Amino acid sequence: MSEKSSRLPAYLIGFALFSLAAQSAEQSLALQLIAEGLTAPIHIEEPADATGRKLIVQQDGVVRVLRPDNTLAPEPFLDLRPRLLALEQNFEERGLLGFALHPGFARNGRVFTSYSAPLRPGAPQHWNHTRRVSEFSAKPGDASRIDVQTERVLMEVDWPSRKHNGGALAFGPDGHLYIGLGDGGASHGIGKTVLWEAFNVPAEALLWDGVAQDIESPYGKILRIDVDRGFPGYAIPRDNPFATGAAGRKEVWAWGFRNPFRIAFDRADASFYVTAVAETLWEAAYRVRGPGNYGWPLLEGTHCVDRLKPRQPPAQCATLDAAGKRIELP
């Protein structure tokens with residue numbers, strides 16, 4: 001790669017990694033293959049530790065190391081496959097869905113994951129799996145790989161279905177960990193299989209969409225926690241919207257999301273972007289400037305929603321939620 005192209009970001013497309021490079025002032029942009037043979041790569045992290053390596057997060061539970069010479073290291077940085085529930089070979093929404101390096105990773109070797117574990121004992125009967133948000137760390141003096149025996153489980157959320165997992169993790173400029181959780185997908189049926197697709201959800205399942213609007217529920221939310229205080233758990237940032245009140249789950253930062261799969265922070269102004277994978281017709285991305293209600297299932301993107309007539313959404317719908325708060329648009 002040229003000096004110019006090496007400073008441009010890398011993109012995951014299918015099962016390969018590409019960089020985006022400008023060939024010259026007169027030519028258009030072009031993709032350059034960096035690595036291939038990957039398994040469902042969904043995220044890249046670049047440690048600020050002077051190694052020049054990139055960490056490629058695969059949905060199958062493996063975090064691979066791309067060395068500075070653009071070759072894949074034979075040994076993984078992290079392998080969570082023994083701790084994941086068994087994934088299916090075809091289209092799959094579960095797995096290792098979130099990965100983030102602590103801002104002080106070069107010093108402390110701490111990393112954080114969000115993954116689909118087998119259903120834990122005591123979970124609701126016949127539900128699908130348990131989402132686990134955990135911290136791991138490297139062995140002292142060796143940041144080349146993570147020691148899986150260091151797992152510290154911060155949070156477990158039982159998941160009713162295989163769908164709408166969300167999964168993104170990211171540290172904000174404030175040093176807090178942001179966690180994207182989908183609405184649980186139970187509107188498609190509880191259990192191991194999908195009973196109803198998006199365009200034929202029956203009336204009796206509609207109540208499950210509403211958990212994204214329920215500020216007491218973790219589903220359909222962006223959570224925000226302080227992982228540097230509150231050991232062995234975590235602390236609640238004082239400026240979380242429900243941190244001190246009687247109502248609302250204290251971890252909740254923003255709500256009204258169906259499937260917040262990816263999060264990306266803007267270093268320039270500290271806002272961040274959240275993807276909204278379409279349930280029926282409308283994809284969206286939200287610029288989340290702060291706490292608030294981002295609409296689902298009252299809206300899908302900027303569009304009104306009628307679950308029982310998904311292809312004929314109403315032309316007009318509420319712009320305020322049940323509490324009288326403005327719905328934030330993408």
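Trainee: Which residue stands opposite valine 65 in E6?

Mentor: Leucine 55 stands opposite valine 65. Please note that this is a predicted model, in which local features need pLDDT of at least 70 and side-chain atom pairs count only at pLDDT 80 or more, while totals for chains, interfaces and linings use all residues. Residues are numbered from 1 along each chain as its sequence is written, and side-chain values use heavy atoms, with hydrogens and water left out.

Trainee: How many bridges join strand E5 and strand E6?

Mentor: Strands (E, at least two residues) are DSSP runs, numbered from the N terminus, and two strands pair if DSSP finds at least two bridges between them. Here, strand E5 (residues 54-58) and strand E6 (residues 62-66) are paired over four bridges in the antiparallel sense. They belong to an open sheet of four strands, ordered E4-E5-E6-E7 with antiparallel pairing. Strand E4 (41-45) and E7 each have a single partner strand, so one side of each lacks a neighbour in the sheet.

Trainee: How many salt bridges does the structure hold?

Mentor: A salt bridge is a side-chain nitrogen of Lys or Arg within 4 Å of a carboxyl oxygen of Asp or Glu. The structure holds 24 salt bridges. In one of them, the side chains of arginine 162 and glutamate 88 meet at 3.2 Å, N to O. Arginine 162 lies in the loop between strand E11 (142-159) and strand E12 (166-171), and glutamate 88 in the loop between strand E7 (78-79) and strand E8 (96-101), so the pair ties together parts that are 74 residues apart in sequence.

Trainee: Is arginine 162 buried or exposed?

Mentor: Buried means under 20% relative accessible area, exposed over 50%, and partly exposed in between (1.4 Å probe, protein chains only). Arginine 162 counts as buried because its relative accessibility is 12%, whereas glutamate 88, at 45%, counts as partly exposed.

Trainee: Which residues are linked in a network of salt bridges?

Mentor: The network links Arg83, Arg120, Arg132, Glu151, Glu156 and Asp158.

Trainee: Which residues form a nonpolar patch on the surface?

Mentor: Patches are made of residues with over 30% relative accessible area and no salt bridge; like charges are joined within 9 Å, and nonpolar side chains (Val, Leu, Ile, Met, Phe, Trp, Tyr) within 5 Å. Accessible areas come from the Shrake-Rupley method with a 1.4 Å probe, and for residues only the protein chains shown count as cover. In this model, Phe199, Leu281 and Trp282 form such a patch, with about 250 Å² of accessible area together. Leucine 281 lies in the loop between strand E17 (272-276) and strand E18 (284-288).
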